[in-house]
Amino acid sequence: MYEGQWRPFETEISGLKLELADRLSRRGKGRFKLADCEVKSNWVRIPGEREKRSRFLHGLTAADVTRLTDAYFDQVARRHTVIMASVIGKRFLHDGTTHETLHMTACEFLLERIQHYMRQYHAKHRAMIVMDDTSRQLNRAVAMKHASFQRAGNRNMTFPAIVEYPFFTRSELSNGVQLADLLAYSVYRAFKGEDLGYPYFERVLGKFYRRRQGTALDGMKVWPDRSPLSALATQAWNSYQQKTLRMEGE
């Protein structure tokens, strides 16, 4: 998301949360600050999780939960958001691959996509990385790997467009991190169940990074390459292009 689009994104999402929080307060269901109005994909999808984890979401009607979720996805189009994702086919990895290794590999693939995008579209600008503050150990490992890439690159490239170490923030304090969580689940759902018609995935597929005059889905990396999920990514993009062409022809 471009820097200049951040404030209107933040204003609209926070404004809707405060509107819904005020409605709950007037109904006697509690008083909520913005940090209490966190949105997570599993809380939105699973009523039992809402009941256990979020008094705010639990107090909302199903229609209001959908309205709030849709508001995030609407912002993807309205703020000219560019999406990048890495998909790891764990079934096709060696036994003993740790969660930390998976996390680091996914981050590396994302950094490569970001560097390609910045070089192609914003060669004079720089990108900063903001990540969910998950654990001190994982944050440290990611930051050290990030520093290594900044000094010497990886086997494929250097990363001059990416500055600083990642900035870690608690998800309840960042609407941007919450949006990333919702987008990540939409990709996960589509590939986990091989369900390319998952509505929230379809809504954002056209917002993935693509090179100028490119025909591939450059913003999505599927690994390992031998995974059948690689073909699924190609199928998803081809289906999207065909659907777009049909709509343009009507």
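Tyr117 and Tyr121 are four residues apart in helix H6 (residues 99-121) and so are separated by about one helical turn, where helices are DSSP runs of H or I with at least four residues, numbered from the N terminus. The model is a predicted one, in which local features need pLDDT of at least 70 and side-chain atom pairs count only at pLDDT 80 or more, while totals for chains, interfaces and linings use all residues. Residues are numbered from 1 along each chain as its sequence is written, and side-chain values use heavy atoms, with hydrogens and water left out.

Rings of Phe, Tyr and Trp (its six-membered ring) are paired if their centres lie within 6.5 Å, and a pair counts as stacked with planes under 30 degrees apart, as edge-to-face over 60 and as tilted for the rest. This rule gives 13 aromatic pairs. Among them, Tyr117 and Tyr121 form a tilted pair, because their ring centres are 5.3 Å apart and their planes stand at 35°. Tyr117, at 10% relative accessibility, is buried (under 20% relative accessible area, with exposed over 50% and partly exposed in between, using a 1.4 Å probe and protein chains only), whereas Tyr121, at 29%, is partly exposed.

The rings of Tyr185 and Tyr188 are also tilted, since their centres lie 6.0 Å apart with planes at 45°. Both residues belong to helix H8 (residues 175-192), three residues apart, about one turn of the helix. Tyr185 is buried at 13%, and Tyr188 is partly exposed at 47%. Together with Phe73, Tyr198 and Tyr200, Tyr185 and Tyr188 form one aromatic cluster.

Notes. Helix = DSSP H or I, 4+ residues; strand = E, 2+ residues; numbered from the N terminus.
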